[in-house]
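Have your viewer open and your selection tool ready. We will go from stop to stop, with a word at each about what to select and what is there.

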Amino acid sequence: MDLIGNGFFDFYPGNGLYVDLDGSTGQAGLMATNNTFAAGTYNLQFDLGGSQRGDSNDVTVSLGNYTHTFTVASSDPLVTVVVSNVTVSGPGSVLSFQNAGGDNVGAILDNVNVNSASAVPEMSTVVGLGSLLGLGGLGLLRRRK
């Protein structure tokens, strides 16, 4: 894989640096997280675009129960992909982007973001909401009398 942009193979000007998923080694690239994800539900977002160099690429994205292969034409613009509610059922799951091929020209990847979709509210928030609901109920009872 290669890090390109900012004047060096800058196919998407104004987007800073981004990753060419095939690089210049003649071997298809695999980008994966070093750390694993805990069990839970996640939202995944990333930008994926064409190489702008006359080829097409298949990119397989995997995390937990989600696996999808995107076919990206050379002239495809850099677009944001949003995947909601990806389930990771146990420890050990990594996020990976696998570019098929090996011709030194890969799809473009940028702005990868993963966040928890199964966030549990803090106890102070739950207690605060309970207090507000209780006070509201007392107010209604008092008004009823």
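Select leucine 44 and then look across to β9, where its bridge partner is valine 114. Strands here are DSSP runs of E with at least two residues, numbered from the N terminus, and two strands pair if DSSP finds at least two bridges between them. Now widen the selection to residues 40-49 and 108-116: these are β4 and β9, antiparallel to each other and paired over 7 bridges.

A note before moving on: this is a predicted model, in which local features need pLDDT of at least 70 and side-chain atom pairs count only at pLDDT 80 or more, while totals for chains, interfaces and linings use all residues. Residues are numbered from 1 along each chain as its sequence is written, and side-chain values use heavy atoms, with hydrogens and water left out.

Next, show the whole sheet. Five strands make up an open, antiparallel arrangement in the order β1-β2-β9-β4-β7. Colour 2-5 and 79-88 to pick out β1 and β7, the edge strands; each has a single partner, so one of its sides has no neighbour in the sheet. On average, neighbouring strands of this sheet are turned by 40° against each other, direction ignored (axes are lines fitted to C-alpha atoms).

From the sheet, go to arginine 53 and aspartate 20. Their side chains meet in a salt bridge, 3.0 Å from N to O (the rule: a side-chain nitrogen of Lys or Arg within 4 Å of a carboxyl oxygen of Asp or Glu). Arginine 53 sits in the loop between β4 and β5, and aspartate 20 in β2, so the pair ties together parts 33 residues apart in sequence. Is aspartate 20 buried or exposed? Aspartate 20 is buried, at 2% relative accessibility, whereas arginine 53 is partly exposed at 27% (buried is under 20% relative accessible area, exposed over 50%, partly exposed in between, with a 1.4 Å probe and protein chains only).

Now select 56-63 for β5 and 66-73 for β6; 8 bridges join these antiparallel strands. Valine 61 stands opposite histidine 68. In the hairpin, with 2 residues between the strands, glycine 64 has a positive phi near 55°.

Last stop, the aromatic rings. There are 6 aromatic pairs (ring centres of Phe, Tyr or the six-membered ring of Trp within 6.5 Å; planes under 30 degrees apart are stacked, over 60 edge-to-face, the rest tilted). One of them, phenylalanine 9 with phenylalanine 11, is tilted, at 6.0 Å and 40°. Phenylalanine 37 and tyrosine 42 pair edge-to-face, at 5.2 Å and 80°, and both are buried.

Terms used: Helices (H or I, at least four residues) and strands (E, at least two) are DSSP runs, numbered from the N terminus. Axes are lines fitted to C-alpha atoms, for helices over the stretch in contact, and angles run from 0 to 180 degrees between N-to-C directions.
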